[in-house]
Amino acid sequence: MRGLINASIRFAKTFPREFWGRLSVPERVAFLLVPLAMGAAIVTVIAIFWLGGPVVDFLGANLPLVRFAVAGTAILLLTVPTAFVLIYLELKVIARMNLRVGPNRVGPWGAAMSVIHGLKVLTKEDFAPTGADITIFTLAPVVTYMASVMTLLVIPFAPGLIGQDLNVGLLYFFAMGGLTVVGLLMAGWSSFNKYSLLGGLRSAAQIISYEIPLTLSVVGVILLAGTMSMNRIVLAQSGSAFDWFVFKQPLAWIIFFIAATAEANRTPFDMTEADSEIVAGFATEYSGMRFGFFFFAEYVNVFIVSALAATLFFGGWTAPFNWPWTYNLNWFHPLEMGFGPWLAIVAFVLVVAPQILGILVMLFGRGWTYVQASVLGALFTLVAVVGLVALAGFIAFDWVQGLFWFMFKTYVFVVTFVWMRATLPRVRVDQLMGFAWKWLLPASLVNLFVTATAVVLLNR
Amino acid sequence: MPPRQPASRPSKSRAGKRAPEPPQQYASTDDPRVMLDRQIGALFEPIPPYPTQTEREGEFYTLRDGEMFLNVGPHHPSTHGVLRLVVKLSGEQVVDVDPVLGYLHRGVEKICENSDYYHVIDQVDPLEYVSALFQEWPAVLSFEKLMDVQVPRRAEYIRVLTGELLRISSHILYVGFYALDLGGLTPILYSFIERDEIVEMLAALTGARMLFNYFRIGGVNGDLNHEFMSRLGDWMSRAAKEVESSATLLNENEIFVRRTRDVGVLDRAAALRYGVTGGNLRASGVPFDVRRAHPYSVYPELDFNIPTRDEGDSLARYLIRIDEIRESIKIIDQCLHNMPDGPVMASLPRLIRPRPGRAWAAVEGPRGMLGVYTISDGSDQPFRFRIHDPSLLNLETLPALATGHLLADTMTIIASLDPVMGGIDK
Amino acid sequence: MDRTLKTRLEARVGSYLRSPIYQRHDETEIRIAPADVPEVLRTLHDVVDLRFEILADLCGVDTGEVMQVVYHLWSPMTSDWLRIVADGISRDDPRAPSATFLWIGAEWLEREAYDMYGIVFEGNRDLRRIFMPPDYTSFPLRKDFLLPDDAARSPGAGVRHVERTHVSADPAEGPEAGIRRAPVS
């Protein structure tokens with residue numbers, strides 16, 4: 001008996017180390033996660049059954065809250081693919097302008113490059129420099145990122161697709177956009193590095209200087225539209241392309257574009273991250289996911305200023321010419337088609353079309369094997385199906401149309417920003433400031449006075 | 001029950017393990033100048049305060065109110081190599097600059113004292129690696145003076161031809177790096193396309209793309225071959241237009257011009273006092289070009305101009321290089337038309353043993369006057385082999401030029417002076 | 001080879017010359033004492049028919065017996081390079097006057113000569129090491145520089161032995177046995 005007890009005590013003492021030591025890392029992760037996941041599943045199921053009813057009733061009574069939660073989540077999730085697309089666009093477009101090819105190994109035409117960047121950024125060592133203020137150091141990228149992301153709440157992507165249609169939407173936008181300064185200053189100060197300090201101070205000076213011409217140039221648009229709500233500004237430009245505010249406020253458009261480039265810290269105004277002088281500016285000491293946040297925040301910033309440019313001056317989600325038709329697809333009743341036609345369609349899409357396209361690839365391509373050709377055929381079929389669905393959505397739903405036009409305009413400006421980055425050298429700090437205060441600010445004031453006078457006179 | 005196997009396999013986890021200690025291989029030192037970042041958590045200054053040795057050091061390392069040091073360290077994207085600048089800043093304005101050299105010091109002069117005369121040519125290539133033939137040239141010239149060797153005319157023409165090609169390549173790269181330091185990402189790639197063509201040409205001729213080892217005492221190593229001539233012909237037919245288009249990418253760029261005009265003005269008297277040579281001197285108004293001032297090789301027979309400008313600012317230094325590219329294309333044209341036939345190498349004994357004596361020779365490289373002073377003691381190794389590199393004196397003007405401008409202008413000035421750290425640090 | 005330069009030099013700085021002016025190919029060489037360097041350089045720089053305004057090079061030389069500082073100058077008035085050899089600097093306490101009063105660019109060249117040979121240039125405001133680390137304790141280009149005995153005790157020094165060149169392994173010969181010496185001609 002005693003021997004048994006001793007043996008079991010010895011077993012209890014040595015078993016953990018022996019057992020644990022023999023597991024590889026994935027095995028250890030699984031050993032810990034599987035029971036946790038099962039426990040969490042059981043708890044969730046119990047919670048659903050027990051609390052489900054009251055929760056659903058509560059949500060049903062507070063639909064705006066649900067809407068806000070869904071919109072907020074969607075926007076947060078939207079930023080990541082947006083940043084990925086923008087990073088890829090930047091790499092490829094700048095490469096082509098540099099007479100290079102850009103990434104073309106990871107994924108078709110290098111499209112998975114952004115994903116690889118994201119994963120790489122997650123695998124880096126997470127450290128802070130000695131002497132850095134850890135709290136602020138960690139919070140700085142969060143502040144910058146969230147400030148950029150919160151502005152997406154008021155951007156009208158399509159009729160009915162807006163996070164929250166505040167009637168001071170534009171003011172909210174600029175308020176949130178200005179918060180990025182706080183993040184950059186926090187980064188610059190807390191890094192305990194003179195390069196970061198210089199970068200942070202430069203960025204603070206630059207963003208604050210350029211906010212004033214930015215907001216003043218937009219006040220003209222507010223006067224013309226009569227409202228600060230973004231949705232109604234877009235609606236005020238509906239009609240044809242000649243109703244867009246860019247034709248009514250050309251000076252404001254130029255000022256806005258220049259100031260927006262400076263706000264987004266893009267070349268030629270990228271003094272803050274001038275990597276030939278102050279290595280990486282405020283982000284010198286950042287690595288890993290913290291740097292990833294700054295990186296993402298920069299690209300989200302580019303997206304939001306392009307989106308703002310498209311919304312305020314180019315009509316947002318309105319089409320450039322009167323798009324009168326939303327064809328009614330009500331004659332298409334998918335649920336009432338029956339089993340036979342559905343089987344035919346599925347079989348066609350899954351089997352017949354890829355094979356036909358594969359055969360075409362083998363005929364017209366050079367040296368494709370059967371397997372490769374089938375895969376290509378499946379890919380083309382997928383693209384065709386997605387295209388058809390998109391086309392159907394475009395024809396049928398006005399929000400799909402609006403989304404398409406909005407994204408198209410936004411990406412035109414995004415590509416313009418990338419184009420400027422590839423082409424132009426950097427402006428020096430004092431020239432930058434001088435330009436903002438001596439040229440842009442008076443110009444925007446002049447524009448404001450002229451617009452206000454015109455509005456008053458025309459309304460009389 | 002079978003006996004339990006002990007855990008013989010080492011645990012794969014790093015939990016609880018610390019990083020291995022670095023091997024104790026360094027002798028301890030009590031010198032405070034070398035105690036760099038041993039004190040973790042203390043405020044890190046680039047140079048810890050220690051009793052300064054010289055007047056200028058004392059002057060530099062005393063901070064007044066509101067000034068700070070910024071260590072533009074050896075690892076930096078735009079210091080043209082491993083150059084360390086300790087910049088004394090007052091806000092964004094540069095008060096003083098102290099360049100710290102020696103990060104690329106390879107002891108080439110000492111190595112050459114222990115090498116054969118042939119080996120010296122090989123050793124001396126990687127000094128200004130961007131334009132390697134221009135280091136071989138004065139070395140070879142000085143050895144030829146020691147040995148009283150007459151170089152065949154065809155070899156001289158080939159030397160001039162390859163030299164001017166390399167000068168064009170170096171200047172094009174200068175334009176690219178200049179733009180890169182100012183923030184333009186595109187011209188550097190265009191420059192590398194041009195340089196790649198030239199360097200492939202020279203690889204067809206010499207066998208190497210960058211460190212050519214082509215010149216020999218008494219001539220060159222190998223005659224022109226068909227591939228080189230065909231590539232050269234292709235390139236010459238497009239050269240002028242391509243160079244013009246690459247140059248005008250920046251000449252008329254408002255941002256570039258405004259960032260370089262009146263930045264780092266080096267006036268004539270200061271340029272002469274600093275011993276600056278090359279394009280930097282000519283941009284300050286002194287028309288000194290070794291090819292005209294003290295002609296060597298077949299330059300007296302060639303017709304070319306010496307572009308000179310008076311302003312002395314960074315923009316002038318840039319424009320001078322562009323003019324020099326055009327002149328070099330003219331020279332290459334003349335070389336191709338006037339190329340004589342004949343041998344490319346004088347006949348020399350296998351073992352090079354010059355008589356005891358001294359010789360100095362200088363050529364005009366892309367960055368300035370490259371000089372070599374050789375002392376021979378009658379053996380097959382040089383007794384003293386001194387290389388005078390122009391980039392050293394060009395860089396010496398940096399503290400004087402950068403004072404009073406902003407930090408961003410420091411990079412502009414360095415880029416406009418075109419230093420190559422390999423040559424500076426030897 | 002510029003004969004007129006020889007006569008002009010003998011007229012202007014003849015009293016300082018310690019040996020006849022030597023001319024070969026396109027170089028003219030004069031030898032002076034180190035103490036006379038400032039006056040000679042000043043004369044060569046200022047005099048209207050000499051005008052040696054461009055300092056081409058400044059270097060140190062260790063001949064094994066003595067040290068020299070060698071200047072190379074260029075003038076638009078002549079087709080020759082001028083070489084000034086300031087000869088006779090002792091190897092134990094090498095001192096020479098600085099040329100920075102005339103050419104401020106000589107500061108770094110003299111720093112290099114100091115770093116490599118130990119020649120102290122009096123009048124140079126910034127005579128510290130330029131290539132070697134600031135705590136280095138020997139002068140690499142001297143003929144009696146032997147690794148690893150003289151290697152600096154700095155964190156950058158490795159522990160690998162470097163073959164001693166030019167010195168025999170026979171301890172009876174003394175440390176100066178294999179040092180190369182140049183003919184002092």
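**Figure 1. The two domains of chain A in the predicted model.** Domain 1 of chain A is made of two segments, 82-326 and 399-459, while domain 2 covers residues 334-396. Taken over C-alpha atoms, the centres of domain 1 and domain 2 of chain A are separated by 39 Å.

**Figure 2. Helix H13 of chain A.** Helix H13 of chain A runs over residues 370-396, which makes 27 residues. From its first C-alpha to its last, H13(A) reaches 38 Å, close to the 39 Å expected at 1.5 Å a residue. Ala373(A), Gly377(A) and Thr381(A) are buried in H13(A). Helix H12 (339-364) of chain A is included in what covers the buried residues of H13(A).

**Figure 3. The side of chain B that touches chain A.** Here 31 residues of chain B are in contact with 30 residues of chain A. On the chain B side, the elements that give two or more residues are strand E1 (68-72) and the helices H5 (153-182), H6 (187-206), H8 (254-260) and H15 (407-417). By residue type, this side of chain B divides into 18 nonpolar, eight polar and five charged residues.

**Figure 4. A hairpin in chain B formed by strands E2 and E3.** Strand E2 (residues 84-90) of chain B pairs with strand E3 (residues 93-100) of chain B in the antiparallel sense, over seven bridges. Two residues lie between E2(B) and E3(B) in the hairpin. Ser90(B) stands opposite Gln93(B) in E3(B). In the turn, Gly91(B) has a positive phi of about 75°.

Technical notes. Residues are numbered from 1 along each chain as its sequence is written. Chains are lettered from A and ligands numbered from 1 in the order in which they are written. This is a predicted model: local features need pLDDT of at least 70, side-chain atom pairs count only at pLDDT 80 or more; totals for chains, interfaces and linings use all residues. Two residues are in contact if their C-beta atoms, placed from the backbone, lie within 7 Å. Helices (H or I, at least four residues) and strands (E, at least two) are DSSP runs, numbered from the N terminus. Ala, Val, Leu, Ile, Met, Phe, Trp, Tyr, Cys and Pro count as nonpolar, Asp, Glu, Lys and Arg as charged, and the others, Gly among them, as polar. Two strands pair if DSSP finds at least two bridges between them. Domain bounds come from an automatic or database domain assignment. The expected span of a helix is 1.5 Å times one less than its number of residues. A residue is buried if 20 or more other C-beta atoms lie within 10 Å of its own, exposed if 12 or fewer, and partly exposed in between; C-beta atoms are placed from the backbone.
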